[in-house]
Amino acid sequence: MAGGRSAFSRNADVYAARIKAIIFGVILACALCAIESTWFSSIELPLLGYSSPMLCLGMSVAVGFLMGESEGGVTGLFSGFLCECAEGDGIFIFPLLYFALGYLTGILTDRILGKNLASYLVFLAVAALVSFGADILLTATVTGGFYKNALLSLVAGIVLTVVLSIPIYLLVRLYAKASNKQ
Amino acid sequence: MRIMRKVNKFLIVCISLAVAVALFSATFAAMGRANLLREVGATLLYPFQWLFTTVGESFDGAARYFTSIDELIEENESLRAENEEMKGQLIEAEIIAEENMRLYGYLSMKELFTDFELCQATVISTEKVQSENAVYITLSCGSSSGVEVNMPVVTQTGLVGYVCEVSSEWCRVKTLMSSSCVVSALCVTSGESGMAVGDYSLVDEGYFRLTEISGDAELEVGEIIVTRGDGKLYPYSVPVGRVVSVEKNALNRTVEAVCQPFVDMDFSSDSHVMVITGFETRLPESETEAE
């Protein structure tokens, strides 16, 4: 008793760390979603035309990639919900989609590729392809809208998502390292 | 198999949650409340969106300042040139407005005296000639504008005098303040007649004299004097001045009055006059009836 910490104290530390992680995740998800819907709502790329990045997807994949499948899944669920609220069409399919992508990233990370930036970008590119593909399909089938040039928008969206998610990956990695040290 | 083992309770809960959200949104949409869930999320996002929009606009403004400095300088120069041009136009507009106001005054005179033919002129100079006990003004119009000797000169407020000398581009006017300028005048209220004549001793005070009024006349201070119009030099009923003081001349048993002309004979504030180049002779109604 005198030499070690009590079980209550250890549990308190675990809960404090979880609360910190939740706060960090909520704030980062809100900030990224807000940035996505304000600064990057429409970006023009040469030859590819206009598109917007999926920064919340980048965050979900980064969390799943660096912290594990559960964290990735929860982050995907929450950030997908926010994205749907900010600029979705009201179908609320993105929470499920982001959850699945964040969770799968966590599971597949160690088995397919190592934990480095290049692997993350590959995962993210595939996830973005799935997400943009689903978005284009949903737009065409359910909401009755259309993309003027779907293929170019898809490529532009993937490029923007991959490039602009690098700082997000570095930020999440920084947080993951800091929390591991504690 | 190892991947499948990962599918635990947590995964089921999360999938259920995501499906539940999708189902709830579909149900709310069917109920006509499609935006209910979106409003919840949008409320959470609103402060962040406001923050990033504000920051974005600030950076955008600052970046535009530095990137478009040449454009701004060019725009500034063009605006400055435009400003100078506008200033010129403003001055022109002020001059036109002033002239407009003056002509509006003459228009009311023209409406009152429909038979008047007027020629606009500017006072070039004023001159007091003591040897002649006269005050002259020189105008910017002459015979080329149809001005002739003996034509009356007025402003919108009253009589100035008559043209005594004419050149092709200028003319000289003997004003009411000159002792040799005699105007047959009529007192509007009392109906008394007299002669308005300049008195050089009153020139500095800006007055003229009304003489040859019958001794039993009841002239009052403040009475308005107009032209009588029986001498054919001046038209009938042009305002001349106002009685300032009345005194009796004991020698010839007449009444004399000192009067102030309606026109400011210095022409310091308004240097525009009109020469009456033509009018029909009219007599007072009483005299017309007598005839």
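Which residues of H2(B) are the buried ones? I would like to start there, and then widen the view to the two chains and the contact between them.

Before the answer, a word on the model. It is a predicted one, in which local features need pLDDT of at least 70 and side-chain atom pairs count only at pLDDT 80 or more, while totals for chains, interfaces and linings use all residues. Residues are numbered from 1 along each chain as its sequence is written, and chains are lettered from A and ligands numbered from 1 in the order in which they are written.

So, to the helix. The buried residues of H2(B) are B:Cys14, B:Ala18, B:Val21 and B:Ser25, where buried asks for 20 or more other C-beta atoms within 10 Å of the residue's own, exposed for 12 or fewer, and partly exposed for a count in between, with C-beta atoms placed from the backbone. These residues cover an arc of only 50° around the axis, which puts them on the same side of H2(B); the arc is that of the directions from the helix axis to the C-beta atoms. On the face turned away from that buried side sit exposed residues, among them B:Lys9, B:Ile12, B:Ser16 and B:Leu23. When I say helix or strand, I mean DSSP runs numbered from the N terminus, H or I over at least four residues for helices and E over at least two for strands. H2(B) has 22 residues and reaches 31 Å from its first C-alpha to its last, close to the 32 Å expected at 1.5 Å a residue, the expected span being 1.5 Å times one less than the number of residues. After H2(B) comes B:Gly32, with a positive phi near 85°.

Now to what H2(B) meets in the other chain. Its axis and that of H3(A) come within 10 Å and cross at roughly 5°, where axes are lines fitted to C-alpha atoms, for helices over the stretch in contact, and angles run from 0 to 180 degrees between N-to-C directions. H3(A) and H2(B) are therefore roughly parallel to each other, on a scale that takes angles under 35 degrees as roughly parallel, over 145 as roughly antiparallel, 65 to 115 as roughly perpendicular and the rest as oblique. From H3(A), the residues A:Ser70, A:Gly73, A:Val74, A:Leu77 and A:Phe81 meet B:Phe10, B:Cys14, B:Leu17, B:Ala18 and B:Val21 in H2(B), with contact meaning that the C-beta atoms of two residues, placed from the backbone, lie within 7 Å. This contact divides into eight nonpolar, two polar and no charged residues; Ala, Val, Leu, Ile, Met, Phe, Trp, Tyr, Cys and Pro count as nonpolar, Asp, Glu, Lys and Arg as charged, and the others, Gly among them, as polar.

H3(A) also packs against H3(B), at an angle of about 95° and with the axes 8 Å apart, and the two are therefore roughly perpendicular to each other. Here A:Phe81, A:Leu82, A:Cys85 and A:Ala86 meet B:Arg38, B:Gly41, B:Ala42 and B:Leu45, and the classes are six nonpolar, one polar and one charged.

Taken as a whole, the contact between the chains draws 26 residues from chain A and 24 residues from chain B. Of the side of chain A that touches chain B, H3(A) gives the most, with nine residues, and by class that side has 20 nonpolar, five polar and one charged residues.

Leaving aside residues up to four places away in sequence, A:Glu71 touches A:Val63 and A:Gly64. By contrast of setting, A:Lys20 lies in helix H1 of chain A and is partly exposed, with 14 other C-beta atoms within 10 Å.Let me end with the chains themselves. Chain A has seven helices and two strands, and buried residues make up 45% of its 182 residues. In H2(A), 13 of the 13 residues are buried, so that helix is largely enclosed by the rest of the structure. Chain B has five helices and twelve strands, and 26% of its 291 residues count as buried.
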